Amino acid sequence: MAKFHEQGPRTPVSVSTRVDKVNPKYKSVNSVRALLVFIMAMIGLIPVFVMGITAFKARADVVSVPPKLIFEPTLEGFVFLFTNRAVVAQSRLVEFREAAEAGELNLFEQIALNTGQEITGPSDYVFRLRNSVIIAGLSTIISVILGLFAAYAFSRFEIPGKNDLLFFILSTRMLPAVVVTIPLFLMFRQLSLHDTHLGMILLYTVFNLSFAVWLLKGFLDEIPKEYEEAALVDGYTRLQAFFKIVLPQAVTGIAATTVFCLIFAWNEYAFALMLTSEKARTAPPSIATMLGRGGIEWSAIAAGSLGFLIPVVIVTFVLRQYLLRGVTFGAIRQ
Amino acid sequence: MTTTKAQDVGVPPITAVRQRRRQLSDRAIINLFIWPTLLLLIGINIFPLFYSLYLSFTEYSAIARQQPVWIGLENFANILNNERLWRYFATTGRYAVMSVGLQTILGFGLAMLVREKFRGSGLVTTLILIPMMLSPVVVGLFWKLIYNPTFGYFNYLIGFSNPSLGPDMLASRWAGQPVPGLALTAVVIVDVWMWSPFVMLLVLSGLKAIPDYLYEAAVIDRASSWFQFWRITLPQVAPLLLIAVLFRTIEAFKSFDLVMGLTGGGPGDQTELIAVNLYRQAFLGQWRTGEASALAYIILIVIIAISNLYIRYLNKMRGEG
């Protein structure tokens with residue numbers, strides 16, 4: 001036995017809680033593994049990186065052959081994205097140059113001038129982005145509130161046919177957007193909800209509701225029932241117990257759910273494409289149609305995508321421990 | 001006397017007692033809490049489904065002035081006899097098999113690699129997860145730029161610096177020659193890029209849940225690592241892996257955004273997935289609402305069949321957890 005302590009086991013061990021028993025070969029395998037993962041992650045991020053640099057390229061640099069990695073960064077893409085422009089007539093060019101030198105033009109106007117154009121107004125994209133914010137924001141708030149109530153009821157009470165109801169709620173989320181959209185289109189047209197903010201908010205609320213119920217139920221299930229029972233014994237009403245005991249405990253879960261709903265509504269494309277045309281159109285379908293209009297402005301598309309991407313990347317980092325729940329409807333917890 | 005006693009056990013004074021009289025019964029709370037959600041779901045999801053079931057038996061176009069005309073099963077017969085639609089279903093199936101297969105392999109591999117912590121593993125894992133959170137249509141668009149045969153990065157990265165010799169993925173051409181299937185491969189690559197992390201995430205949580213003593217016992221029995229993988233790791237992760245596969249399969253049949261952003265179904269109809277074709281029939285050209293509704297129902301049945309399996313497994317998981 002003493003000999004065993006000096007020598008360790010004869011075969012190298014790869015899994016052990018004792019550091020001295022782990023095989024040195026295993027440690028080097030570990031660092032090779034880390035390197036491999038790192039390389040994979042970098043390869044995975046190439047497309048994101050490409051989009052990031054394209055957003056800051058001038059038009060000529062975007063289409064250069066071979067593609068440039070080193071270039072002079074410009075905000076041209078962003079200017080193209082957010083503004084409508086017209087070509088400046090030769091006669092007025094001098095006038096503009098003087099104004100630029102006198103410092104009368106703002107940054108965007110100067111950049112537009114460098115490409116021989118003047119800004120005539122904000123582009124459609126600005127309005128679409130505003131629509132996206134309004135629709136995603138309001139629908140998220142409503143669906144989280146409704147979802148929270150429903151989730152609480154499902155989590156705490158005996159409800160006849162509970163599992164069937166939950167199944168039903170989840171199954172609505174499994175429907176392909178395109179399938180539901182045909183009748184919705186007709187309904188919305190009948191109710192004059194087509195291409196309105198109200199219609200889209202309603203639709204996205206429902207779209208996120210099933211998700212919110214499932215995810216929040218997962219979070220609420222984790223809060224011990226005993227807390228509320230103690231409060232009830234102390235004379236709180238059910239509603240008081242819900243608002244004063246359960247809600248503060250569930251804040252993290254609610255925050256995570258809110259952000260997931262926000263992302264889904266923010267990224268949604270199919271409904272927006274089919275149920276809006278002008279007034280209530282959100283940003284994703286409008287980025288897609290930007291390609292069609294005269295001269296493909298890749299830098300503008302990249303700039304638009306970048307604006308879409310950055311919030312999502314931040315969210316991914318903030319929510320990393322909840323991602324698993326988020327993508328499996330709260331069914332699987334780490 | 002009574003008051004002091006009540007305060008001793010913490011019962012709030014008279015005001016609260018009065019409130020209690022007004023308080024809602026549990027029954028009322030359940031109704032109040034659940035019905036708004038159910039009504040919304042019924043109004044915006046279930047009613048439309050029945051409406052489109054009716055439409056699927058009619059001849060109707062949303063842009064025509066005519067009312068729907070009942071034609072029975074004719075729409076379904078037309079669809080099942082339409083060779084093109086069978087081809088789109090086949091394309092969707094091929095796409096699902098390829099992308100889900102690759103995602104499973106890559107995702108599983110990645111999960112095995114990041115399974116044990118190393119310096120910075122949390123950060124790297126999160127970086128790997130970024131693609132799946134992005135908007136598919138935006139992803140489709142910027143991959144379109146990456147695939148561009150002249151100024152895109154893809155060809156350079158796989159070693160073709162001369163545009164006329166390399167592949168033009170989205171046009172299904174290689175050095176000018178048509179290579180059918182290249183465009184679908186391009187879509188599969190993007191889908192795999194986006195969703196392998198999803199499989200990784202699920203498998204990873206499965207791996208973390210495997211109790212250490214199983215491996216310790218195997219080490220004591222001098223089991224080879226190959227044996228450990230097949231007899232411990234794989235069976236233990238299998239339920240979660242299956243969930244990931246089912247989920248991705250459902251999503252593949254629903255796949256719409258990505259293809260719209262990337263190829264729009266082209267070139268020709270090489271990447272015309274069934275959901276894309278449904279959109280085209282329902283909202284473009286002649287707006288064949290009736291026939292599109294019938295097609296939607298056929299797709300729905302396929303998806304419900306897969307979803308059923310998925311939800312059954314979820315319930316089982318929840319039952320255990």
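The C-alpha centres of domain 2 and domain 3 of chain A lie 38 Å apart in this predicted model, where local features need pLDDT of at least 70, side-chain atom pairs count only at pLDDT 80 or more, and totals for chains, interfaces and linings use all residues. Residues are numbered from 1 along each chain as its sequence is written, while chains are lettered from A and ligands numbered from 1 in the order in which they are written.

Chain A is divided into domain 1 (2-53), domain 2 (59-122) and domain 3 (125-327), with bounds that come from an automatic or database domain assignment. Nine residues of domain 2 of chain A are in contact with nine residues of domain 3 of chain A; contact requires C-beta atoms, placed from the backbone, to lie within 7 Å. On the domain 2 side, helix H3 (59-62) and helix H4 (76-82) of chain A each supply at least two residues, and H4(A) gives the most, with six residues. Helices (H or I, at least four residues) are DSSP runs, numbered from the N terminus. By class, this side of domain 2 of chain A has six nonpolar, one polar and two charged residues. Here Ala, Val, Leu, Ile, Met, Phe, Trp, Tyr, Cys and Pro count as nonpolar, Asp, Glu, Lys and Arg as charged, and the others, Gly among them, as polar.

Between the chains, the contact takes 91 residues from chain A and 89 residues from chain B. Helix H2 (residues 24-54) of chain A gives the most to the chain A side, with 15 residues. That side divides into 68 nonpolar, 18 polar and five charged residues.

Within this topic, helix H7 (residues 124-156) of chain A packs against helix H3 (residues 26-56) of chain B at an angle of about 130 degrees, with their axes 8 Å apart. The contact is made by residues including Leu146(A), Phe149(A) and Tyr152(A) of H7(A) and Ile30(B), Phe33(B) and Pro36(B) of H3(B). It has nine nonpolar, two polar and no charged residues.

Asp195(A) lies in the loop between helix H9 (177-190) and helix H10 (197-221) of chain A. Trp287(B) is found in the loop between helix H13 (274-283) and helix H14 (289-320) of chain B. Asp195(A) is partly exposed, with 16 other C-beta atoms within 10 Å; a residue with 20 or more counts as buried and one with 12 or fewer as exposed. Trp287(B) is also partly exposed, with 17 such atoms within 10 Å.

Notes
Two residues are in contact if their C-beta atoms, placed from the backbone, lie within 7 Å. Axes are lines fitted to C-alpha atoms, for helices over the stretch in contact, and angles run from 0 to 180 degrees between N-to-C directions.
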